[in-house]
Amino acid sequence: MTRQTALSVAQEQLKLAVEKLELDPGIHKILKKPKRSLIVSVTIKMDDGTIGVFDGVRVQHWDVKGPFKGGIRYHPDLTIDDVTALAMWMTWKCAIADLPYGGAKGGICCNPKEMSQGELERLTRRYVSLIFEYLGPHRDIPAPDVYTNEQTMAWIMDTYSQLKGYSVPESVTGKPVEIGGSEGRVCATSLGLAFCAREAAKFLKLNMKNATVAVQGYGNVGYNAASIMHSLGCKVVAVSDSSGGIYCSDGIIPSAVYAHKKKTGSVVNHKNCANITNEELLQTKCDILIPAALQNQITKDNADKVKAKIVAEGANGPTTPEADKALHEKGTCLIPDILANSGGVTVSYFEWVQNLTREHWTLKEVNEKLENKITKSFYDVQKLSRKEESDMRTAALMLGVGRVAHAITTLGLWP
Ligand code: NAD
């Protein structure tokens, strides 16, 4: 099976947007590369007394509209190229959502499943201390991503605050509510995704009640997406994680599968379900497919086997450009990542605003603001896609890249 790298996908997408928008080649040159890439060696004492050395990165793509913003990922296969692609996508995502941020992404090449809480805490704190000068509420604000969570964000806040000498809750988002996190942040990406899927379903005249759903990945985004879709009346027929997937034509109860995963470490072997592979999950007969794991899952090799009417991208970069084309040609409605999963960064922005103003909003306020914002972005992209007679990815890229290019041109180059 051929796999395109996330960075080559991101570059191909940028080129397409630049051509469609007829942008100055100089702007293309600027946007192709990140403004800053930090590579650090994260050294910690392991529980057995040995020294562990891990590669850490933080890529800051462009920040013309405000401070950098983006998640921190812990994964054994993490590469700087992947992180660079993820940082670029954050830039376009923030621009589409009209947030005053630029895009960044970071992470550490490690296997958190094989590390203790103590090792993960030391790893996080050492990493933050190494990139400290380039972080901050007006410079770069991290958030959770794959295999990092609220606890990781609490360690980041505390390390940043200790080094500053005073508490700085606005230095990171996705923290626990008790230390300044926002209501609704944990479910925000999945709720935003559900709002987008709901609007797309209206166009396809698809009734959300009883619509069938398959979800790849059962972490923060995947599990919450399955739960929310279930609560909207959809039938979640298949879910998966890194160990494999399960299928049940009658539909699963997301919370029961979550409890099973907590107990056994995986969703597989859940009662009354057939075990399936991740490849089979993507090909499941369903109305809505939600990839919510890693990049590069729907490729030219399996796009023609995707049966869903709507693909709502919870993950970043799950579909390659060739697969995009194949899905568009067969009439699949694909809601691209830079729109579909922007609920996470949107509520991160709400969290940052609440921290800066020392306010605390209710869950109702947060969810209403999220619904208004993401629904507006959905229709901004839809309108452009109809005008351009393009798929939604192309329209979303044109909107995001166009806004950033306009800001660069307006600001000019210094000196
Ligand atoms: P997570 O660590 O909470 O969950 C990741 C899930 O993916 C786990 O269930 C894991 O088992 C599964 N997984 C890992 N490798 C897999 C594989 N090869 N095949 C199938 N499943 C696999 O991470 P998350 O925060 O839910 O992030 C998932 C995706 O959503 C990522 O692409 C991330 O960039 C994107 N995203 C997350 C947020 C957020 O707010 N957390 C926001 C926007 C986008």
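The radius of gyration is taken over C-alpha atoms, and the globule rule is 2.2 Å times the number of residues to the power 0.38. For the 415 residues of this chain the rule gives a value near 22 Å for a compact globule, and the chain, at 20 Å, agrees with it. The model is a predicted one. Taken along the principal axes, the C-alpha atoms fill a box of roughly 55 × 55 × 45 Å. The secondary structure consists of 14 helices and 12 strands, and 58% of the 415 residues count as buried.

Where does the ligand lie relative to domain 1 and domain 2? Residues of the shell around the ligand come from both domain 1 (33-168) and domain 2 (188-340), so the ligand lies between them. Two helices, α6 (185-203) and α7 (220-231), each supply at least two residues of that shell.

The ligand has 22 residues around it, and those that come nearest are Asp145, Tyr147, Asn220, Ala293 and Asn316. By class, the shell divides into eight nonpolar, nine polar and five charged residues.

At Arg185 an N or O atom in the side chain is 3.2 Å from an oxygen atom of the ligand. For Asn278, an N or O atom in the side chain is 3.5 Å from a nitrogen atom of the ligand. Taken alone, the ligand exposes 830 Å², and the protein buries 90% of that area.

Notes
Residues numbered from 1 in each chain as written. Predicted model: local features only at pLDDT ≥ 70, side-chain atom pairs only at ≥ 80, totals over all residues. Heavy atoms only, no water. Near = heavy atom within 4 Å. Polar contact = N/O pair within 3.5 Å; in protein donor to acceptor, adjacent residues only side chain to side chain. Areas by Shrake-Rupley, 256 points an atom, 1.4 Å probe, with all protein chains shown as cover. Helix = DSSP H or I, 4+ residues; strand = E, 2+ residues; numbered from the N terminus. Nonpolar A, V, L, I, M, F, W, Y, C, P; charged D, E, K, R; others polar. Domains from an automatic or database assignment. Buried < 20%, exposed > 50% of the residue type's maximum accessible area, 1.4 Å probe, protein only.
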